[in-house]
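Hi everyone, thanks for making time today.

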Amino acid sequence: MKERISGMLWIQAAGEKMKSMVAVLGLSKFGRSLAEELAAGGAEVMVVDNNDVVVNQMSDKVTHAIVADLTDVEAIKSLGLGNMDVVVVAMSMNLEASIMSIMVAREDGAKKVIAKAKNDRMEEILLRIGADDVIQPEKEYGQRIAKTLTVSNFVEFFEITENLAIVELKPKASWVGKNLKELRLRNRFGVNVLCIKKDGKLSSDIDPDESLKEDQDLLILVDRTNLRQVVE
């Protein structure tokens, strides 16, 4: 259902009323992913962005999807952020819109305001403006990867996309002596073995029935969210 409210396009998504009410302002990849996860987890989610194409793409995944200019104070005020349990300001590339959204959300009485920052300086500013918490996803992910690399059997790590990575690693002790059919790495971890290093040379000629040896490194394609499972 579509209708005009206060000069904005409001799209009412199908679905029953959920428990927690969360507003996600700004539909970057981070904002979209967060909104989808929250909605899947049972929250009533409102997303807002000035890009009507992106908003329409989200309309069947969340409770409410709104097209609005988040640099316009009056447009932000009309969102009713004071009714939200949590407001997530996910516009790290637009400091002006982030500041305005945080200030309005705080003034309207939102219970909790979380903001995304692109660097430490922006984080400091957003906290001073009134954000309860500020996150830097890229920085935090890098720290997690660094920690993983120091405690794991990784040899090399190559980021391919926001979701995928190619990793060279030594086989875990529990893998040695077993073949790829037995290990079922794709089914268990979403891992695709691209090559096996033998005698210092990578080979894509992989025999799934051949038992892995301790000195044979694997080159795998893996979703970044599964990295921890692969090494633990």
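I'll talk about a pair of helices, then a pocket, then a cavity. Before we start, please keep in mind that this is a predicted model.

Let's begin with the helices. Find helix α4, residues 95-108, and helix α5, residues 120-129. Their axes come within 9 Å and cross at roughly 25 degrees. Angles under 35 degrees count as roughly parallel, and α4 and α5 are therefore roughly parallel to each other. The crossing of α4 past α5 is right-handed. Which residues make the contact? From α4 we have L95, S98, I99, I102 and M103, and from α5 they are M122, I125, L126 and I129. Sorted by class, this contact between α4 and α5 has eight nonpolar residues, one polar and no charged.

Now, on to empty space. Rolling a probe the size of a water molecule over the atoms shows where such space is left.

Please look at the second largest pocket, with a volume of about 200 Å³. Its lining is made of L180, K181, R184, L185, R186, N187, V191, N192, V193 and I206. Three elements each supply at least two of the lining residues: α7 (180-183), α8 (185-189) and β11 (192-198). Which of them gives the most? That is α8, with three residues.

Last stop, the cavity. How many cavities of 30 Å³ or more does a search of the whole structure find? The search turns up one. The largest cavity holds about 40 Å³ of space. Around the largest cavity you'll see I196, K198, I206, D207, E210, S211, L212 and Q216. Its lining splits into three nonpolar, two polar and three charged residues.

Definitions and conventions: Residues numbered from 1 in each chain as written. Predicted model: local features only at pLDDT ≥ 70, side-chain atom pairs only at ≥ 80, totals over all residues. Heavy atoms only, no water. 1 Å grid on protein atoms, 1.4 Å probe; cavity = no way out; pocket = protein on both sides within 12 Å on 5 of 7 lines; lining within 4 Å. Points joined across faces, edges and corners; volume = space filled by probe spheres on them. Nonpolar A, V, L, I, M, F, W, Y, C, P; charged D, E, K, R; others polar. Axes fitted to C-alpha atoms, helices over the stretch in contact; angles between N-to-C directions. Helix = DSSP H or I, 4+ residues; strand = E, 2+ residues; numbered from the N terminus. Parallel < 35°, antiparallel > 145°, perpendicular 65-115°, else oblique. Left-handed = near helix turned anticlockwise from the far one by under 90°. Contact = heavy atoms within 4.5 Å.
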